[in-house]
Amino acid sequence: MAYLNENYLKLKAGYLFPEIGRRVKAFCEGNPEAAKRLIRCGIGDVTEPLPAAVVAAMHRAVDEMAVRDTFKGYGPEQGYEWLRGAIAQNDYRAHGLEVADDEIFVSDGSKCDCGAILDILGDRNRLAITDPVYPVYVDTNVMVGHTGEADANGAYAGIHYLPCTQANGFIPEPPQEAVDVVYLCSPNNPTGAAATREQLEAWVTYARKHGAILLFDAAYEAYITQPGIPHSIYEIPGARECAIEFRSFSKNGGFTGVRCAFTVVPKTLKAKTVAGESLPLHPLWSRRMTTKFNGVSYMVQRAAEALYSAEGKAQVRALIEHYMGNARILVAGAKAAGLTVLGGVNAPYIWVGAPAGYTSWQAFDKILGEANVVITPGSGFGRNGEGWFRVSAFNSRANAEEVSRRLQALRW
Ligand SMILES: *Cc1c(COP(=O)(O)O)cnc(C)c1O
């Protein structure tokens, strides 16, 4: 009989969203009238349709595929040159950041890239991951065997957890000890916190000192509203020597169902062999993509390219303004309700402290039962999320306004 990958057996059962689903289902079955007014602010998925420029570009691309002369088969595994060029130019060089077209690798999603990156990193790296966290960073490391078992609190042996709390504004600080690979997500899912330039400088300084690599997830970069908050890790001098950046069209272009993202691997980024030789990672990632990936569909890459057209940019702005308008309404409502509110300024997530005496799940049950609103319990993202909950701004304006009213009507 064949052997299975026992690392998968170490994974804590996908607990958070199934448990939310179970509680919501039970509530709706027991309260059919209240179920009719249920509003979901739980899942981090966009709600608004694709920008018109994207739809038009996709239609054109499909028509090209329908004609022998313009039909496309396999494209370059790393992405079409015109898309890599549009990304490097618009997202980096237009902002004075040095990123070459061939340092951009187009993919079908940042979630996939965050997991796939482990293919090119060795298995003796000391890992640092924030708590609370986007669970993908942890689980992908568990799957490839970079951790031991989880303890009773769900913390895995072999991961150095970086505590994010109200005291540090939910932005992790570099640890005292040396680690080799650090996952950072700014603006953050789930907390909505965005790192300042000084905070990211501290991380780049730390990484350069220890020869560490920063895996920087900037999926929510487009939601930054405060001037001075870096949109890219490459705004920090020295980051080209220590950071990989993940970006996605999921949250800016509404591509969660279309699937397109990219990863930036600077040619100046190196890691070492066990023998101590320092080598660039760029050729490894390129090789990984050509071997294990066959590129994103032509229609989807044309759709992504359209996000960089003048109309596309204006339509993306409008989408972001819609969601951030919701965020402002939710922040105001939660504050008026007397709750502690973080996030919602540079990210579409509001991170709310449950009133004293309530755990995250108790707050969840109360908000579901009395306000008929589904939120996400912070404890599901890690131990330091206990006592907090996440409210997503991905919704219609009418729903955001209604949720804001209902939060204010709640009596704790
Ligand atoms: C939504 C999200 C992404 C994007 O993932 P895709 O696979 O590109 O849809 C990446 N990181 C975080 C933290 C996210 O919340």
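## Second largest pocket

A pocket here is an open set of points on a 1 Å grid over the protein atoms alone, reached by a 1.4 Å probe, with protein on both sides within 12 Å along at least five of seven lines; a cavity is a set where the probe fits but cannot get out, and lining residues have an atom within 4 Å of a point. Grid points are joined across faces, edges and corners, and a volume is the space filled by probe spheres set on them.

This is a predicted model: local features need pLDDT of at least 70, side-chain atom pairs count only at pLDDT 80 or more, and totals for chains, interfaces and linings use all residues. Residues are numbered from 1 along each chain as its sequence is written, and side-chain values use heavy atoms, with hydrogens and water left out.

The pocket has 23 lining residues, and Gly122, Asn125, Ala271, Lys272 and Thr273 lie nearest its centre. Strand 9 (270–272) and strand 10 (278–280) each contribute at least two residues to this lining; helices (H or I, at least four residues) and strands (E, at least two) are DSSP runs numbered from the N terminus. By class, the lining comprises 10 nonpolar, six polar and seven charged residues, where Ala, Val, Leu, Ile, Met, Phe, Trp, Tyr, Cys and Pro count as nonpolar, Asp, Glu, Lys and Arg as charged, and the others, Gly among them, as polar.

## Enclosed cavities

Two cavities of 30 Å³ or more are found in the whole structure. The largest holds about 100 Å³; of its 14 lining residues, Ile171, Pro172, Leu184, Cys185 and Ser186 are the closest to the centre. At least two lining residues come from each of strand 5 (181–185) and helix 7 (197–210). Its lining has 11 nonpolar, three polar and no charged residues.

The second largest cavity has a volume of about 30 Å³. Leu118, Leu121, Gly122, Asn125, Leu127, Asn141, His146 and Val181 line this cavity, and they divide into four nonpolar, four polar and no charged residues.

## Salt bridges

The whole structure contains 21 salt bridges, each a side-chain nitrogen of Lys or Arg within 4 Å of a carboxyl oxygen of Asp or Glu. In one of them, the closest N and O atoms of Arg288 and Asp119 are 3.0 Å apart. Arg288 belongs to helix 8 (residues 282–292) and Asp119 to the loop between helix 5 (110–116) and strand 3 (127–131), so this pair ties together parts 169 residues apart in sequence. Arg288 is buried at 16% relative accessible area, whereas Asp119 is partly exposed at 40%; buried means under 20%, exposed over 50%, and partly exposed in between (1.4 Å probe, protein chains only).

Lys366 and Glu370 also form a salt bridge, with 3.0 Å between the closest N and O atoms. Both residues lie in helix 11 (residues 360–371), four residues apart, about one turn of the helix. Lys366 is buried, with 12% relative accessibility, while Glu370 is partly exposed, with 48%. Elsewhere, a network of salt bridges links Glu19, Arg22, Arg23 and Asp365.

## A buried loop residue

Thr191 is placed in the loop between strand 5 and helix 7. Its relative accessibility of 3% counts as buried. The C-alpha atoms of Thr191 and Phe170 are 6.9 Å apart, although 21 residues separate the two along the chain.
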